[in-house]
Amino acid sequence: MDTPLETVKDIEPAQASAEQAVEYSLSPGLVARLAILDISIAFTSYQSSILYFLGRGGEGAHLHQSGLPKPMGICVEGPGRLTLASGAHVVRFRNVLAANERINDAFDACYVPRTFHLTGDLDLHDIGVDADDRPIFVNTRFNCLATLSPKHSFEPIWKPRFITGLLDGDKCHLNGLAMRKGRPAYVTSVSRSDVIDGWRDRRADGGVVIDVEANAIVCEGLSMPHSPRMHRGELWLVNSGTGELGVVERLGEGMGRFSPRSFCPGFLRGLAFRDKYAFVGLSKPRYKRFEGLALDQRLRQADAEPWCGVQIIDLDTGGCVDWLRIDGAVAELYDIAVLPGFARPMALTPFSGEAASLITFDANGRDAGLS
């Protein structure tokens, strides 16, 4: 479903029922900033089961929506390559358009789901792709990092030292993954608990960052940390339970320290970068696992209500310079990614009629060995 967004007015998707109405609003400068940065944005909501693409066209901002089961972590591997953790699957998309091609006379990228790998319900969270082109994902249900297996649901490749066995049951709520030079570098976990569901009792200050290679905790005392990402040589993450975006300082010097750089009015998950800007996903803390955290007090002090959407943060000042806000039936996002070089991307839903009817091939026959 496509939703044109007007720059200063709230607008509801035409197909939304009155009970499921969703309203979108955005800052006046958002479209121009996307154009200047030469990007579009992808983000996921497991609550709505939609992969969103926020782009721009002649009419202003444009939101394309593709239905997928429980979309979670996104990895943009390079031009035209996107891998998604989606429910019980890992889906690998490829843009099938050449630079001078358009589909429906509008979209300059069309992401087609070329590989749909069944993993089973592992409660997949963040996902990356390593130097050998293997998807590496956070297997939250089994408290480990894993990759795809041609035979089994997954192949475990790493687990935290404090987890004593590879057993079924979310113990520490391992969730976030930072890749560096094609290898897993850091992960985030809500706790270091080694008992099933133990993480729920440590939401306020039990969160940790773990160096994967050393299998050592390098930052502690966090509140439900998510979305670790490397940018300009620094390790960034969102401390979701406090609503803060920040960096881990003193890495490599023993135990690091989380240094907040910006406060956003929501439960934060999803982080991406372009130049000096951070793109942060916000959710409303509506459920018990999100309540009773320091974020509640921070919102009261700021006389603010939590909201769902995306904020663009200037890393030089820590201030929000542009935003997309979502109100109504959608209240939770999970991940966000930047798509460089595309103004108005779209994606096809796996097993849809549109995906089945779109046939592409190499007209020069190179892939088939034709001359």
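Which residue takes a positive phi in the hairpin of β10 and β11? The points below answer this and take up other local features.

1. The structure is a predicted model, in which local features need pLDDT of at least 70 and side-chain atom pairs count only at pLDDT 80 or more, while totals for chains, interfaces and linings use all residues. Residues are numbered from 1 along each chain as its sequence is written, and side-chain values use heavy atoms, with hydrogens and water left out.

2. In the hairpin of β10 and β11, which has five residues between the strands, Asp133 takes the positive phi, near 65°. Strands here are DSSP runs of E with at least two residues, and helices are runs of H or I with at least four, both numbered from the N terminus. Strand β10 (residues 124-129) and strand β11 (residues 135-139) pair in the antiparallel sense over four bridges, where pairing requires that DSSP finds at least two bridges between two strands; Ile127 has Phe137 of β11 as its bridge partner. Because six of the six residues of β10 are buried, this strand is largely enclosed by the rest of the structure (buried is under 20% relative accessible area, with a 1.4 Å probe and protein chains only).

3. Ser40, in strand β3 (residues 39-45), counts as buried because its relative accessibility is 0%. Its side chain reaches the backbone oxygen of Phe342 at 3.2 Å, and the residues that Ser40 touches, not counting those up to four places away in sequence, include Leu54, Phe342 and Pro345 (contact means heavy atoms within 4.5 Å).

4. Ser86, in strand β7 (residues 81-86), is likewise buried, with a relative accessible area of 0%. A polar atom of the Ser86 side chain lies 2.6 Å from the backbone oxygen of Pro69, and Pro69 is also among the contacts of Ser86 beyond four places in sequence, together with Leu68, Lys70, Pro71 and Val91.

5. The largest nonpolar core has 27 residues, and those with the most contacts inside it are Phe43, Leu54, Phe279, Leu324 and Ile326. The largest share of this core, four residues, comes from helix α1 (residues 30-37). A nonpolar core is a set of buried Ala, Val, Leu, Ile, Met, Phe, Trp, Tyr and Cys residues joined through side-chain atoms within 4.5 Å. Phe279 touches, among others beyond four places in sequence, Leu37, Ile39, Ile41 and Val338.

Technical notes:
Buried means under 20% relative accessible area, exposed over 50%, partly exposed in between (1.4 Å probe, protein chains only). A polar contact is a pair of N or O atoms within 3.5 Å; within protein, one must be able to donate a hydrogen and the other to accept it, and residues adjacent in sequence count only if both atoms are side-chain atoms.
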